[in-house]
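I opened my notebook to look up a few local features. My entries follow the order in which I checked them.

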Amino acid sequence: MLQIALTIFIYLILVISVGIYVYHIAAGKHTFADPVLNRVDGVIYKICGINPQNNMNWKKYAVSLVATNGVMMLMGYLVLRIQSIGLFNPNGIGGMEESLSFNTIISFMTNTNLQHYSGESGLSYLSQMLVIIFMMFVSAASGYAACIAFIRGLAGKSKDNVGNFFSDLVRITTRVLLPFSIVGGLLLVWQGVPQNFSGNVVVDTIEGTKQVIAMGPVAALEIIKHLGTNGGGFLGANSATPIENPTILSNLIELYSMMLLPGACVITFGKMVRDRKRELAVANISDDTNIAISKKAHRSLTVWMYGREGRSIFAAMGILFLIGLGICFWAESQGNPALAGVGLSQSMGSMEGKEVRFGVAQSSLFTTVTTSFTTGTVNNMHDTLTPLGGMIPMLHMMLNVVFGGKGVGLMNMITYAILAVFICGLMIGRTPEYLGKKIEGREMKLAALCIIIHPLLILVFSALAVGTSAGLAGITNPGYHGLSQVLYEFASSAANNGSGFEGLADNTLFWNITTGIVMFFGRYLSMILQLAIADSLMKKRFVNESAGTLHTDTMSFAVILVFVVYIFAALTFFPVLALGPVAEYLTLWA
């Protein structure tokens with residue numbers, strides 16, 4: 001518990017600094033790197049014909065995002081199909097099959113990185129670089145760009161301007177993803193992660209057999225897969241293998257890489273909203289310095305200048321994360337009663353599927369982080385987790401608000417915040433307000449649609465899988481655990497996470513197509529609806545605070561938000577969870 005607490009404490013220190021830096025980039029403020037990177041951006045703008053001053057409304061922003069991603073999907077699909085060419089292919093990997101190429105390209109462009117193949121045997125180095133690593137940068141930058149546009153809409157500085165997508169895409173890549181990746185990649189190389197273009201190495205083991213050791217540009221992929229909350233892996237065993245994650249220090253680097261930017265987005269949100277509140281408060285005070293500011297105006301200025309909206313959102317996410325982490329760590333620490341019943345010691349907890357160099361503590365932490373921050377990388381095999389230990393990552397992907405990845409977690413939590421203030425408004429008989437704007441019919445319809453899409457995709461496609469012969473053919477475990485595997489696969493796809501229980505025989509036409517559809521709609525439908533919500537609020541007038549106004553910058557609102565999230569999860573997912581991991585737990589411990 002001490003090492004988990006220390007890891008989280010260091011994270012809180014780091015995330016504040018990174019959040020302030022990301023805020024300066026999102027708000028267009030000066031940073032120490034501007035003298036160099038402004039020139040780099042200028043060259044990119046000139047080559048691509050981008051006018052960064054050409055502002056967009058939410059519709060144009062959304063169309064630009066989806067269209068850009070769509071073109072890159074087509075280009076990446078072609079590369080996967082022709083990867084058998086000799087360029088950067090020392091291991092002689094053949095072209096990827098059609099349905100698997102379809103699944104893979106959607107997976108990496110939607111920031112999901114679900115892998116129905118094993119990286120070391122399924123992709124050439126050309127595909128790893130031009131498709132996988134490249135799309136990890138673009139998909140992460142696209143998600144963060146959408147989040148920044150969403151925050152601008154909520155801040156409401158303009159009636160129809162959420163920024164320029166192409167400018168946001170470039171600035172996030174050059175100022176955040178690339179420099180952080182270079183530093184993090186060098187740290188991973190220092191710890192022993194390979195970074196080369198050599199072919200696989202065949203070695204003699206101490207048992208007298210031959211073993212193939214994978215080589216390639218591993219470190220470059222590892223750092224951006226975590227930093228961009230992408231997931232996936234250069235190897236099939238992912239970050240559980242020493243090639244991708246050799247030491248406890250590399251494990252911490254990968255942990256912090258996937259935690260930093262989602263948390264930084266929440267801090268950015270709080271600061272950008274605070275800036276707008278400060279401007280409004282100052283505007284409400286007389287410009288005549290000879291007139292004394294009334295106590296009411298001064299109090300209003302103080303409250304608006306030090307808005308703490310980001311803190312309440314961060315606190316709600318933190319509470320959800322700590323509850324999940326506590327349950328996962330406790331469940332894995334209890335061991336497996338089936339093994340204890342045959343005389344095997346469980347004093348170390350359940351070590352099945354875990355690396356000895358990480359143990360239960362770091363494995364539980366990594367498991368909770370990777371599914372809370374929707375990254376999808378793993379340092380242990382989730383299919384071997386205890387029933388309740390495996391339920392937590394599944395539940396956090398179903399919630400999709402526990403920090404989340406690439407800014408999407410913040411956008412989803414704000415949607416729940418709108419729902420929470422609406423419910424509280426009904427309880428006291430007042431029109432609900434959020435960030436100084438009235439929440440009315442249009443916003444609630446959009447928020448309801450946004451919240452419903454996620455469970456709809458998971459439950460409908462899970463039902464399709466267990467109700468058709470093509471779906472049942474992929475289930476390798478009977479009973480409760482087989483259902484858990486199906487639920488996990490579609491929860492991971494809908495949340496754009498990418499991790500899996502890996503007990504499914506999922507490289508089939510059915511699983512490739514269905515998960516591809518879920519990944520696509522899980523990514524873009526919610527994002528478009530959330531930009532529409534931001535646009536709707538952006539066009540509204542600010543309303544004055546009154547005695548009946550619900551303060552959304554307090555710890556009490558954070559607790560309300562946690563309850564709303566859990567209540568919605570119970571109403572939508574508890575029945576199916578009861579048939580899967582809960583039933584498996586009760587049976588195992590009977």
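**Backbone entries**

I began with phenylalanine 88, which counts as partly exposed because its relative accessibility is 37%. The model is predicted, so I read every entry as a property of that model. I placed phenylalanine 88 in the loop between helix H3 (58-81) and helix H4 (98-109). Its phi is near 50°, a positive value in a residue other than glycine.

Next I looked up asparagine 113. This residue also is not a glycine, and its phi is positive, at about 65°. I found asparagine 113 in the loop between H4 and helix H5 (119-122). Is asparagine 113 buried or exposed? Its relative accessibility is 0%, so I noted it as buried.

**Aromatic entries**

I then turned to ring pairs. How many aromatic pairs does a search of the whole structure find? I wrote down 18. I took tyrosine 21 and phenylalanine 180 as my example. Their ring centres are 6.2 Å apart and their planes meet at 15°. Planes under 30 degrees apart count as stacked, so I logged this pair as stacked.

Where do the two residues lie? Tyrosine 21 is in helix H1 (residues 2-26), and phenylalanine 180 is in helix H7 (residues 165-190). The pair therefore ties together parts that are 159 residues apart in sequence. I checked accessibility for both partners. Tyrosine 21 has a relative accessible area of 14%, so it is buried. Phenylalanine 180 has 24% relative accessibility, so it counts as partly exposed.

I also traced a cluster. Ring pairs link Tyr11, Phe314, Phe321, Phe373 and Phe403.

**Charges over rings**

I looked up two lysines. Lysine 271 lies over the face of tyrosine 23, 6.0 Å from the ring centre. Lysine 437 has its charged end over the ring of phenylalanine 542, at 4.5 Å from the centre.

**Helix packing**

My last entry concerns helix H11 (residues 309-333) and helix H13 (residues 359-372). Their axes are 9 Å apart, and the helices pack at an angle of about 140°. Angles over 145 degrees count as roughly antiparallel. I therefore recorded H11 and H13 as oblique to each other. The crossing of H11 past H13 is right-handed.

Which residues make the contact? From H11 I listed Phe321, Gly324, Leu325, Cys328, Phe329, Glu332 and Ser333. From H13 I listed Val360, Ala361, Ser364, Leu365, Thr367, Thr368, Val369 and Ser372.

Terms used. Residues are numbered from 1 along each chain as its sequence is written. This is a predicted model: local features need pLDDT of at least 70, side-chain atom pairs count only at pLDDT 80 or more; totals for chains, interfaces and linings use all residues. Side-chain values use heavy atoms; hydrogens and water are left out. Rings of Phe, Tyr and Trp (its six-membered ring) pair if their centres lie within 6.5 Å; planes under 30 degrees apart count as stacked, over 60 as edge-to-face and the rest as tilted. Helices (H or I, at least four residues) and strands (E, at least two) are DSSP runs, numbered from the N terminus. Buried means under 20% relative accessible area, exposed over 50%, partly exposed in between (1.4 Å probe, protein chains only). A charge sits over a ring if NZ of Lys or CZ of Arg is within 6 Å of the ring centre and within 35 degrees of the ring normal. Axes are lines fitted to C-alpha atoms, for helices over the stretch in contact, and angles run from 0 to 180 degrees between N-to-C directions. Angles under 35 degrees count as roughly parallel, over 145 as roughly antiparallel, 65 to 115 as roughly perpendicular and the rest as oblique. A crossing is left-handed if the near helix is turned anticlockwise from the far one by less than a right angle, and right-handed if clockwise. Contact means heavy atoms within 4.5 Å.
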